[in-house]
Every structure is written in structure tokens, then in C-alpha cells.
Amino acid sequence: MVRSEKVRPRAAALLRILAVAGAYWAGGRIGLLQQVVIEGAVVTPLWPPTGIALSCLLWAGAGVWPGIALGALLSIATIDTVDPAAVGILAGNTLAPLCAYLMLRRIGFHTRLDRLRDGLALVFLGALGGMLVSATLGAGTLVLSGSLPLGEFWPVWSAWWAGDAMGVLVITPLLLVLRRARLPRDTRAWWWTEAAALSVTAVAVTLVATRADLSLLFLVFPVLIWAALRFQLPGSAPCALLISVLAISAATDDSGVFDDHGMLKAMVVLQALNGSAALTGLLLAAIVAEQNAVRRKIELACSALAEVVDQIAPGETAHLWPPPDGTKRLEG
């Protein structure tokens, strides 16, 4: 009996690790659909596995890191043969989300993303800071193995870092929202109407902004502001993902504003748009959620105070007027 009780937690832990590995590998397969080659190295503008890995760590803890390593190994095997040089890339892909998780846990990160500090932490510690590890180890491994000339280190490093960071900025908030997604209570027809209008507008505006020959990329930001103000993170996170996917599609097709650009310049414009969109949606949604939480606390405090006042007998409050200092009420 005691032995079976010990086996069950181990089996559950093994299933979690395998599930993380499968999710990481599936995210890698999706990410490879939009791979580009920069200076001979295969990189992706948006690498979903980093966001998946960080989300799994935030949900299940650091114990699922073997699943991240296994998923990264399977993803590397999908691209090329696994050789000793792949150890550095594997280590970077495993350590980057783990370092990001440890930094977020250190500062008391809330997975609800209902505070501005949580949004800033996810941006600067989870995405921009943590993904330095994977980019440095990955590009450094290519240089040490002779697959990448030393002079091409920084372009590849920049593209690698940006793709991993975008995976955290776009995918992690979306997964954190989906895990606790619930249909709003007492929704009326106008809520569904506005949600449908936002979805149609987001698709139409993003297609125009990314496919038109004119530089109209700024048109996506009013849509993101609308989504964040009205629906908070459940609205802004899907919009940021939609904008990123459609922009990547336009960039890889060399259409719209990405036409007649070299691949490196196109990636710079693309990542500037994706990063700005993700930051706008995430931080604005966190600010609105924080303000709503403060308002609810004030309303609860006022309600509790009103109940206390109602429970006080009239005779117990009679001595409160006139005031003890003899001040009289001003009439008229």
C-alpha cells in the first residue's frame, strides 16, 4: 500500500514531464513553419516553445525541466542531426526558460498578470532577460562548432534572442489567460457583439497594415488599445498573437511594407512591430486590471463600512452630534 502511494506521485510527475515535452515539440513544429535563414543559420521570428516552457514552469514548478530538455532535443532533431555541437543549443533552450522562471518566482510574480509590476517583470525578466541565455549559448555554439563565422555572430544572436523573447511576450500571456478562462457572468448581447466586432476589426486592420504598400503598421495599436481597455488580457493577448502571425506571414512572403527589404532588415521591422504590439497590449491590460482590482477593494470596503454603520443603534450615534467642541451646524 505504501509502495503504491509512492508510485502514483512519480507516475504523475512523469506524465507531466512527457506532456511538457510533447507541448514543446508541437510548439516547435508550429514555429518552424515560419523559419527564415539569416547568415546561414535557421531562426524563427516567433519561437512558441519558449512561451510554452515558461508557462509550464509557472504552472507546475521547476521539476518539469526534463520535459523542456526532451522537447528541445526533439525539436533540434527535427531541424538537423543531433551532434555534440547541439549540446550547447539544447542547454540554452532548457536553461533560458528555467532562469526566467526563477527570476519571476524570486520577485513574487502573479500568473494572473493583474498588476503592472507583473507585466513589467514578464517583459524584462522573463522575455528580454531570460532569453539572453538561449541566444548566447545557441549562437556561441554555432561559432565554436564552425557552422557560423565569428563575424556573423551578432546578426544571428539578435535574431535568435528576438525570436525567443517574442515567444515569451506573445505565447506566455495567452496560455496564462487560457488556463483560467471563463465565460463572463451575466453577459448581454452587446458583449458578444463588441467581441465579434473587435475580432473582425483586428483581422481587417492587421491585413491592411501589413499587406499594404504604404507604411501603415501603426494602425494596429488602436485595435490593441481597444482590446486591452474593454477586455483586458483575454482580449489583448489573442490580438497580439494575431498581429504577430499575420505580420510574420507578410514578412516571409515579402509583401506590403516588407517588400524590397533584405531578410535582416525585414526581421528588424517585423520584430519592432511584434515587440511594440505585445508590450502595448500586455502592459495596458495589466494597468487596467490593477485599477479594476483597486476599485473592487474600495467598493468592498465601502460596503463593509455601510454594514457596520447600519448595525449601530440610533442611540449609540446620538452623542456624535453636536460635536464635542460645541461646533453647531450651519443652517441655510
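**Basis.** I worked from a predicted model, in which local features need pLDDT of at least 70 and side-chain atom pairs count only at pLDDT 80 or more, while totals for chains, interfaces and linings use all residues. Residues are numbered from 1 along each chain as its sequence is written, and side-chain values use heavy atoms, without hydrogens and water.

**H7 and H10.** I took helices as DSSP runs (H or I, at least four residues), numbered from the N terminus. I found H7 (residues 153-179) packed on H10 (residues 263-311) at an angle of about 30°, with the axes 10 Å apart. Axes are lines fitted to C-alpha atoms over the stretch in contact, and angles run from 0 to 180 degrees between N-to-C directions. H7 and H10 are therefore roughly parallel (angles under 35 degrees count as such; over 145 is roughly antiparallel, 65 to 115 roughly perpendicular, the rest oblique). I then listed the contacts (heavy atoms within 4.5 Å): H7 residues including Pro155, Met166 and Pro173 meet H10 residues including Leu264, Asn274 and Leu282.

**H3 and H4.** I found H3 (residues 65-79) and H4 (residues 86-106) packed at about 140°, with their axes 9 Å apart. That angle makes H3 oblique to H4. On the H3 side the contact includes Trp65, Ile68 and Ile76, and on the H4 side Ala86, Asn93 and Pro97 are among the residues. I noted ten nonpolar, two polar and no charged residues for H3 with H4. For these classes, Ala, Val, Leu, Ile, Met, Phe, Trp, Tyr, Cys and Pro count as nonpolar, Asp, Glu, Lys and Arg as charged, and the others, Gly among them, as polar.

Terms used. Helices (H or I, at least four residues) and strands (E, at least two) are DSSP runs, numbered from the N terminus.
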